[in-house]
Amino acid sequence: MKLEALPVIKGEYNLQNYDEKYKQFDWVETEKEFSWSKTGKINLAYEAIDRHAESDRKDKAALLYKDDNRDETYTFDEMKNLSNQAANVLKNFGEVEKGDRVFIFMPRSPELYMALLGTIKTGAIVGPLFEAFMEGAVRDRLEDSGAKVLITTPELLPRVPVSDLPELKHIFLVGDNIEEKDNLHDFSAKLKQADTAFSIEWVNREDGLILHYTSGSTGKPKGVLHVHNAMIQHYQSAKWVLDLKENDIYWCTADPGWVTGTSYGIFGPWLTGTTNVIVGGRFKPESWYKTIQDYGVTVWYSAPTAFRMLMGAGDEIVEKYNLSSLRHVLSVGEPLNPEVVRWGMKVFNKRIHDNWWMTETGAQIISNYACMEIKPGSMGKPLPGIVAAIVDDQGNELPPHRMGNLAIKKGWPSMMHTIWNNQAKYESYFMPGGWYVSGDSAYMDEEGYFWFQGRVDDVIMTSGERVGPFEVESKLVEHPAIAEAGVIGKPDPVRGEIIKAFIALRDGYEPTEELIEEIRQFVKQGLAAHAAPREIEFRDKLPKTRSGKIMRRVLKAWELDLPTGDLSTMED
Ligand code: WT7
């Protein structure tokens, strides 16, 4: 089917006059949509939940939750009460105060969302942790953030190295029949008993909201701090890009451990008063289609890896379900292959709309709008009010079709506020001319569409998850058999990239299948399953600079049969 054969979506927020709007738009227009523009009282959780609970949307479904054991609906009014109860529990038993860091480490469940909103209502900064993290990953994040309170489950508690975390004062457990002792509290029981009234902590626009840890090419994961002001862009992009309208049933498949799962799994949909579908449990193609059919999902936001897995599961499955409710389908996180766009047109009769942003940008930056002619393979155009460009290493703007750094003019509403405990790292993102430099290379065509080329650094994107090679290498060299390790992303048709480790063994160790499996398990248990190398290759020695840095670029060249480039800094 030709792309032109499908009509573009026409809607209230279509940007037919994109170019006009792009030039004129000022975010002050969006500010008027919030109640704080009149009252002066600011808190994202109020705008996302309470404001609707105090309006005609009181009895509208806010959350439709489903997993293998539960199937529940919560209205905006119920969400208001439950998040108030969560806030009371945290304040009364966890001594939570404005600015404290409260972390949430648990699988998706309604309680996770109540706890997250409750935390925000107390004025504390919430830190969501992906449930697959193992002890090392959990320790790094709780330690760096100085978390005072943790909300988790009895099953995950063994992965929390409590005795190494002197700043962690209270732990709340979500579950049945929790045995309370010292600073271990039964969150579920206390939630039921708590007062449904809570007086929200009003904050300033630049006060901390959420900390998302993400990986770079060097060092430990860094804590990207976002502030309440980000709601301006969460809200506006949910209208422009997700195209959310009053009667939509919206489903974002991302986990709140990652930024897509909060900015667009929580904030965007609820700031706009939209009914939000949350599905717990693991990925199963059949149950995904069933979710769309049973809930009548109209707007669906997912990731290239998920679409490729659905594609791999076969088109016969799609035919068993009625997916006619779908109006708008979107993708983020990795390059969306034109192949997948064509598949989407075939099986869903919809274009999949790609968009680009990252943890640090807090919200969507470049997008194929619902109404726009998309170019398969392109990420689209910048949001009105945002200036994006391709710049060289000195910060000079490059003309169309020249490859360079994808950069954004500093000052968009959802821009990160700082890197926690590391202001120098924060400043290192910026270039002369006020450019935030993304770490991606791209080019722009003459019509202003942006085309992704690759990462400038060594960051690996595997199944849409960002993995720092340094973290994996550090974990690998803790293994007694390993002398040196270098880790790269290797292109993969389904996962985008897979993690490949090159390893030099210590004397006395032999490269056996058992050792390979043991090493994989070692990373899985120590960091997270998605960080474990799928491929391991043994070498006597790894390429290093004279200062001892592993040259990943050379490893990559070996792997892909490419020229190794300048080797003048390599040791003999
Ligand atoms: C990196 C950011 C916030 C989205 C989830 C990932 C890559 C993101 C695209 C896209 C090609 C993309 C970039 C970016 N990326 N969207 N549409 N096309 N690449 O957030 O974990 O902070 O990763 O994801 O490389 O820098 P993240």
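Let's start with Phe187, which sits in helix α8, residues 187-193. Helices here are DSSP runs of H or I with at least four residues, strands are runs of E with at least two, and both are numbered from the N terminus. Is Phe187 buried or exposed? Phe187 is buried, because 25 other C-beta atoms lie within 10 Å. The cut-offs are these: 20 or more other C-beta atoms within 10 Å of a residue's own means buried, 12 or fewer means exposed, and in between is partly exposed, with C-beta atoms placed from the backbone. Leu90 is 97 residues away from Phe187 along the chain, yet their C-alpha atoms are separated by 8.8 Å.

A word on what we are looking at. This is a predicted model, where local features need pLDDT of at least 70 and side-chain atom pairs count only at pLDDT 80 or more, while totals for chains, interfaces and linings use all residues. Residues are numbered from 1 along each chain as its sequence is written.

Now, the whole chain. The protein chain has 18 helices and 27 strands. Its radius of gyration is 24 Å, close to the 25 Å from the globule rule for 572 residues, so the chain is as compact as a globular protein of that length. That radius is taken over C-alpha atoms, and the rule is 2.2 Å times the number of residues to the power 0.38. The C-alpha trace spans about 70 × 65 × 55 Å along its principal axes, and 47% of the 572 residues are buried.

Next, please find strand β3, residues 101-105. Here 5 of its 5 residues are buried. Arg101, Phe103 and Phe105 point one way, while Val102 and Ile104 point the other way. In a regular strand, side chains alternate between the two faces of the sheet.

Which strands does β3 pair with? One is β4, residues 125-129, in the parallel sense over 5 bridges; another is β5, residues 149-152, also parallel, joined by 4 bridges. Pairing here requires at least two DSSP bridges between the strands. Arg101 has Ile125 of β4 as its bridge partner, and Val102 stands opposite Val149 in β5. From β3 the chain crosses through helix α6, residues 110-121, to β4, and this β-α-β crossover is right-handed. That means the path from the first strand over the helix to the second runs clockwise when the strands point away from the viewer.

There is also an open sheet of 9 strands, with mixed pairing, in the order β2-β1-β11-β10-β12-β13-β14-β15-β16. Its edge strands, β2 (71-75) and β16 (381-382), each pair on one side only. Inside that order, β10 (residues 249-252) and β12 (residues 299-302) pair in the parallel sense over 3 bridges, and Trp251 stands opposite Trp300 in β12. Leu330 has its place in β13, residues 328-331. Leu330 is buried, with 24 other C-beta atoms within 10 Å.

Finally, the ligand. How many residues surround the ligand? There are 21, and the closest are Trp356, Met358, Thr359, Phe452 and Arg466. A residue counts as near if its C-beta atom, placed from the backbone, lies within 6 Å of the molecule. The elements giving two or more residues to this shell are α10 (259-271), β14 (352-356), β21 (435-444) and β22 (450-455).
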